[in-house]
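Please read this note with the structure open beside it. It is written for someone who has not looked at this structure before.

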Amino acid sequence: MADQRNFLDVSPRQGALFFGAAEDGQVVMLNLLRFRKQADYSHAPQLEPDGGITGREAYDRYMHEMEPLLLASGGEVLFSGSAAGFLIGPEDEYWDHVLLVRQASKAAFLAFASDPQAVMVTAHRTAAVADSRLLPCRPERTAGN
């Protein structure tokens, strides 16, 4: 039976496994995102716009504020777009948005993700996302090799 829980944050165990692994170098994060119909700012009511916004709108705010921090950390968005149903995969599983983000290393990713400004901006993501997956991927070869 498929796991029916929603995943919104890194678990301590998964974080320890990822950051504790010996390999390093470039990492590309595959993000699969499902948005809430209405953004939930109960954890950060001071950030909620008057009248509320959709989950997608809250995620757009997150990306608008987060991308300069990502670029300053040496990272970059490789792809950001919408998604439909799987061509190969469960017919009843869907994701609203797909994002590929490259970081130079796990250390660069950790520094970026723990930056106080990034932590504050992440409140928009928390408000936006109903479910997500984050899969760290390592290139087997770099472009030009």
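The points below go through the sheet, the helices and the charged side chains of this predicted model.

1. Four strands make up an open sheet, and their order across it is 2-3-1-4. The pairing between them is antiparallel. Strand 2 (76–82) and strand 4 (129–137) are the edge strands; each has a single partner strand, so one side of each has no neighbour in the sheet. On average, and with direction ignored, neighbouring strands are turned by 15 degrees against each other.

2. Strands 2 and 3. Strand 3 covers residues 97–103 and runs antiparallel to strand 2, to which six bridges join it. For a position to look up in the model, take Phe79, whose bridge partner in strand 3 is Leu100.

3. The helix across the sheet. Helix 2, residues 55–72, lies across strand 1 (27–35), strand 2, strand 3 and strand 4. Its direction is at about 10 degrees to that of strand 3.

4. Helices 3 and 4. Helix 3 spans residues 106–114 and helix 4 spans residues 116–128. Their axes come within 5 Å and cross at roughly 65 degrees. On the side of helix 3 the contact is made by Phe112, Ala113 and Ser114, and on the side of helix 4 by Pro116, Ala118 and Val119. Of the residues in this contact, five are nonpolar, one is polar and none is charged.

5. Salt bridges. How many salt bridges does the structure hold? There are three. As background, side chains of opposite charge can pair when their charged atoms come close. The next three points take up the individual pairs.

6. Asp131 and Arg34. The side chains of these two residues form a salt bridge with an N to O distance of 3.1 Å. Asp131 belongs to strand 4 and Arg34 to strand 1, so the pair ties together parts that lie 97 residues apart in sequence. Are the two partners buried or exposed? The cut-off for buried is under 20% relative accessible area. Asp131 has a relative accessibility of 3% and therefore counts as buried. Arg34, at 15%, counts as buried as well.

7. Arg133 and Asp131. Asp131 also meets the side chain of Arg133 in a salt bridge, with 2.8 Å from N to O. Arg133 is partly exposed, and its relative accessible area is 30%. Through shared partners, the salt bridges join Arg34, Asp131 and Arg133 into one network.

8. Arg102 and Glu76. A salt bridge of 3.1 Å, N to O, links the side chains of Arg102 and Glu76. Arg102 is in strand 3 and Glu76 in strand 2, so this pair connects parts that are 26 residues apart in sequence. Arg102 is buried, with a relative accessible area of 16%, whereas Glu76 is partly exposed, with 31%.

9. Ser132. This residue is in strand 4. Its relative accessibility is 5%, so Ser132 counts as buried. The side chain of Ser132 makes a polar contact of 3.3 Å with the side chain of Arg125.

Conventions:
Residues are numbered from 1 along each chain as its sequence is written. This is a predicted model: local features need pLDDT of at least 70, side-chain atom pairs count only at pLDDT 80 or more; totals for chains, interfaces and linings use all residues. Side-chain values use heavy atoms; hydrogens and water are left out. Two strands pair if DSSP finds at least two bridges between them. Helices (H or I, at least four residues) and strands (E, at least two) are DSSP runs, numbered from the N terminus. Axes are lines fitted to C-alpha atoms, for helices over the stretch in contact, and angles run from 0 to 180 degrees between N-to-C directions. Contact means heavy atoms within 4.5 Å. Buried means under 20% relative accessible area, exposed over 50%, partly exposed in between (1.4 Å probe, protein chains only). A polar contact is a pair of N or O atoms within 3.5 Å; within protein, one must be able to donate a hydrogen and the other to accept it, and residues adjacent in sequence count only if both atoms are side-chain atoms. Ala, Val, Leu, Ile, Met, Phe, Trp, Tyr, Cys and Pro count as nonpolar, Asp, Glu, Lys and Arg as charged, and the others, Gly among them, as polar. A salt bridge is a side-chain nitrogen of Lys or Arg within 4 Å of a carboxyl oxygen of Asp or Glu.
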